[in-house]
Amino acid sequence: MKTPFFVGYLPFPKTLKPFFQWAVPLLLLAGLATAYVFAINTERTGTGTWNAYDPVSITGVVKAKPYPMIITIDRANHPVLIVQLGKLDATEILAPLDGKTVSIEGFMIERGPWQMMEIEGPYSVAEAPTLDLAPPTESAGMFVSLVGEIVDSKCMLGVMKPGAGKVHRECAELCVMGGMPPMLLVKNDAGEKAAYLLVDQQGNAVGRRLIPYIALPVAVEGFAFRMGDMTAIRIDLAMVQELRGSAKVAFGESIGLAGTSSFCRIPS
Amino acid sequence: MSQGYVPVQWNRNKKIYDIVLWLGIVTAMAVNVAVAGASVSASLAPSDEILVLRALGDTGFILLNIILAIGPLARLNRCFLPLLYNRRHMGVSFFVIVLAHGIFALFWYHGFGVQDPITSVFTSQGTLETVSDYPFQPLGFVALLIFFLMAATSHDFWNAVLGPKFWKSLHMLVYAGYALVLLHLALGALQAEPSHVPNWVLFASLAWVGGLHLTSMFAGKADLSKVNRGAWVEILDPMAIERGVGRVVEVKGQERVAIFRTDNDEFGAISNVCRHQAGPLGEGCMIDGLVTCPWHGFQYQLEDGASPPPFEEKVATYELKVENGSLLLNTTALPPGTPRPLIKLADHASEAS
C-alpha cells in the first residue's frame with residue numbers, strides 16, 4: 001500500500017511522521033495567522049476608565065433631575081452622574097434626597113470631562129452636613145439638528161470598551177431600560193467627538209422612549225443647552241430619525257465639551 | 001467497541017493529540033489577546049473582558065474551520081487520518097471555547113439588567129429588513145444549541161442509544177451550525193470592524209470548507225464502474241483493487257457497498273457503513289485479515305461482516321460470483337453477520353480459460 005494507514009489504538013506509523021512534522025505546524029500557523037488577522041484590526045475604543053476595584057467617597061448636593069447627580073465643591077458646574085451597579089439607575093435612591101447634602105461612596109467612571117459614580121445600593125449614601133451649593137445654571141436653548149449615535153452613558157463613559165456600536169446595542173438597550181442617562185455622541189469632520197445628555201422637551205428624563213433608536217445612526221432635533229459645563233439637548237422625540245444606509249457611526253477618543261468646538265455654539 | 005463504556009478510552013495517540021490541540025488553542029487565544037491589546041495604545045484598547053470574549057469567539061471560529069476540513073482532507077489523503085481519529089475531542093474542545101464565548105457574551109451584554117439575559121437575546125431591537133440592523137445574537141445562540149447537542153451526544157454511548165443513522169444525522173447539523181456562525185459574524189462583530197480584512201476571512205473560510213468538500217466529493221466519488229444486470233451488477237476491473245484495500249460501490253437507493261481484495265486475491269463485499277459512526281469502510285484497509293474502518297479502527301471479518309469476538313458489531317454482507325470471468329455483486333443485502341464464501345477471482349478465471 002502506498003499510503004500508510006493509521007489506526008488510533010496502534011503505534012503511530014513511522015512513515016507518517018515526516019508528513020505530520022510539517023502538516024501540523026502548518027495548520028497551527030494558519031490558525032495563528034487567522035487569529036492575528038482578526039486581532040490586528042482592533043478599533044480604538046476611547047479613553048474611558050472604570051475604577052471598579054478602588055471605591056472613593058465624595059460629598060455634595062443631590063440633584064435628582066433630569067438624572068441623579070451630585071454637585072460637589074470641585075465640580076459645581078459639571079456634577080458627577082450617579083448610577084447603580086449593573087444596568088440600573090439610582091433614581092429610587094437619590095430622588096428622596098433631592099437638594100440634600102450627602103456623602104456617597106462608589107466607583108468612578110470617567111471619560112473626558114464627564115464623571116460618573118457607580119454605587120452599590122442605598123447603603124452607599126449617607127446624609128452629611130449641609131453644603132451651600134447651587135445647581136448649575138441652565139442656559140437658553142439653541143435649536144440644533146445633529147447626526148450621531150444614542151448610547152447609554154455608563155457603558156460609553158468607560159464601563160464597556162467599546163460602549164457603542166451594533167455589538168453593544170442590546171447592552172445599551174438594557175441600560176436605558178434600567179434608567180441609565182442616554183447620551184448622543186456626535187463627531188465632526190475633524191474627528192472631534194462630543195457627548196450630550198438627552199432629555200425630553202420638558203427637561204425630564206426621556207426613559208425608554210429612545211430605545212428603538214439606540215446604537216443606530218440617527219438624526220436628532222431639539223434645543224441644545226448648558227447645565228453649567230454640561231451639555232444637553234431637549235430633544236423632540238417625534239423628530240428622532242434613524243438614518244438608513246449608513247453602516248455605523250464610529251466613536252472613540254475624547255468626548256470634549258460640545259459648544260466650545262465646531263459642533264454647535266451653545267450660548268453659555 | 002461494544003465491550004462497555006468508559007468516559008475516554010485513552011491511548012498515547014489521543015494524549016498527544018489533545019496536548020497539541022490545547023497548546024494550539026491557548027497559543028491562538030494568547031496571540032489574539034496580545035495582538036489586539038498591543039495594536040492600539042493601552043488607554044484606547046478594548047477592555048480585558050472584551051478582548052477575551054473576542055479571542056474566544058475568534059478561536060472557536062478557527063477551530064470550526066479545522067474541524068470541518070478534517071473529513072474531506074482525510075478522504076483526499078489518508079495521511080490526514082490521525083487528525084480524524086480524535087476529531088471528537090477537537091469538537092468538544094471547540095464547544096467548550098464557544099460555550100465560554102456565549103456565556104461571557106450573555107452575561108456581559110445581556111446580564112445585570114431589568115430583563116433576564118435569554119429574553120434580552122431574543123427580544124432586542126432590530127429589524128430583518130436591513131443587513132446593518134439584523135439582530136445577530138439569536139443566530140449565535142441557536143448555533144451554540146446545535147453545538148451543545150453535538151458535544152453532549154459525542155460519546156459512543158449516545159451513538160449506540162440513538163442509533164448510528166440518527167446520530168449521524170444529528171451530527172450533520174454541524175453544517176447548519178457553521179452557516180449560523182458565518183451569519184452571526186457577518187451580521188455582528190464584523191460590521192463593527194474598522195477594517196474590511198476580517199470580512200475576507202469569512203469568504204476564505206467558505207472557500208476553504210466548501211472547496212475541500214466539493215473536491216473530496218468529486219475525487220472520492222463512489223466507484224461507478226459497474227454494469228447493471230438485474231439484481232447483479234458487474235464490478236469492472238476488480239484486479240485494479242489493491243490487495244488489502246477496498247473499493248466503494250454505489251448501489252442506487254441502498255447503502256454503499258465496500259468490496260475488498262485480500263492478500264490471497266479473494267474478494268468479499270460488505271456494507272460500506274461502519275456500525276460505530278457510519279465511517280466509510282471501503283476507504284479503510286485490511287489489517288490482520290480484518291476490514292478496518294479508517295475513522296476509529298473498528299474491525300469486521302470479511303467472511304461474515306461480524307466484528308471479531310468479543311466485539312458484537314455486525315454489518316450487512318453481499319454475495320459475489322464470477323460469471324464469464326467477470327466479478328458480479330448481488331445488490332440485495334444479506335442480514336448483518338451472514339457468512340458467504342469469498343470469491344477467488346484468479347481460480348475462476350483459470351477455470352473459465
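The structure is a predicted model, in which local features need pLDDT of at least 70, side-chain atom pairs count only at pLDDT 80 or more, and totals for chains, interfaces and linings use all residues. Residues are numbered from 1 along each chain as its sequence is written, while chains are lettered from A and ligands numbered from 1 in the order in which they are written. Between the chains, 59 residues of chain B are in contact with 53 residues of chain A; two residues are in contact if their C-beta atoms, placed from the backbone, lie within 7 Å.

**Interface between the chains**

- The elements giving two or more residues to the side of chain B that touches chain A are helices H1 (12-38), H2 (48-76), H3 (81-85), H4 (87-110) and H10 (197-219), together with strand E6, of chain B. Helices (H or I, at least four residues) and strands (E, at least two) are DSSP runs, numbered from the N terminus.
- H1(B) supplies the largest share of this side, ten residues.
- By class, the side of chain B that touches chain A holds 28 nonpolar, 26 polar and five charged residues. Here Ala, Val, Leu, Ile, Met, Phe, Trp, Tyr, Cys and Pro count as nonpolar, Asp, Glu, Lys and Arg as charged, and the others, Gly among them, as polar.

- Helix H1 (residues 17-40) of chain A packs with H1(B) at an angle of about 25°, the axes being 8 Å apart. Axes are lines fitted to C-alpha atoms, for helices over the stretch in contact, and angles run from 0 to 180 degrees between N-to-C directions.
- This angle makes H1(A) roughly parallel to H1(B). Angles under 35 degrees count as roughly parallel, over 145 as roughly antiparallel, 65 to 115 as roughly perpendicular and the rest as oblique.
- H1(A) passes H1(B) in a right-handed crossing. A crossing is left-handed if the near helix is turned anticlockwise from the far one by less than a right angle, and right-handed if clockwise.
- The residues of H1(A) in this contact include A:Leu28, A:Leu32 and A:Phe38, and those of H1(B) include B:Val20, B:Val31 and B:Val35. The contact of H1(A) with H1(B) divides into 13 nonpolar, four polar and no charged residues.
- The axes of H1(A) and H2(B) come within 10 Å and cross at roughly 145°, and this crossing is also right-handed.
- A:Leu27, A:Gly31, A:Thr34, A:Ala35 and A:Phe38 of H1(A) make this contact with B:Asp58, B:Thr59, B:Ile62 and B:Ile66 of H2(B). By class, these are five nonpolar, three polar and one charged.

**Helix packing within chain B**

- The axes of H1(B) and H2(B) come within 9 Å and cross at roughly 135°; the two helices are therefore oblique to each other.
- The crossing of H1(B) and H2(B) is right-handed.
- Among the residues that meet are B:Ile25, B:Met29 and B:Val33 in H1(B), and B:Leu51, B:Asp58 and B:Ile62 in H2(B). The contact of H1(B) with H2(B) has nine nonpolar, three polar and two charged residues.

**Domains**

- Chain A is assigned domain 1 (49-127) and domain 2 (142-242), with bounds that come from an automatic or database domain assignment.
- The C-alpha centres of these two domains of chain A are separated by 20 Å, and 20 residues of domain 1 are in contact with 20 residues of domain 2.
- Chain B is divided into domain 1 (12-219) and domain 2 (226-352). Their C-alpha centres lie 39 Å apart.
- Eight residues of domain 1 of chain B are in contact with eight residues of domain 2 of chain B. H3(B) gives the most to the domain 1 side, with three residues.

**Sheet in chain B**

- Three strands of chain B form an open antiparallel sheet in the order E6-E7-E8. Two strands pair if DSSP finds at least two bridges between them.
- Strand E6 (285-287) and strand E8 (299-301) of chain B stand at the edges with a single partner strand each, so one side of each is left without a neighbour in the sheet.
- Neighbouring strands of this sheet are turned by 40° against each other on average, direction ignored.
- E6(B) pairs with strand E7 (residues 290-292) of chain B over three bridges in the antiparallel sense. The bridge partner of B:Met286 in E7(B) is B:Val291.
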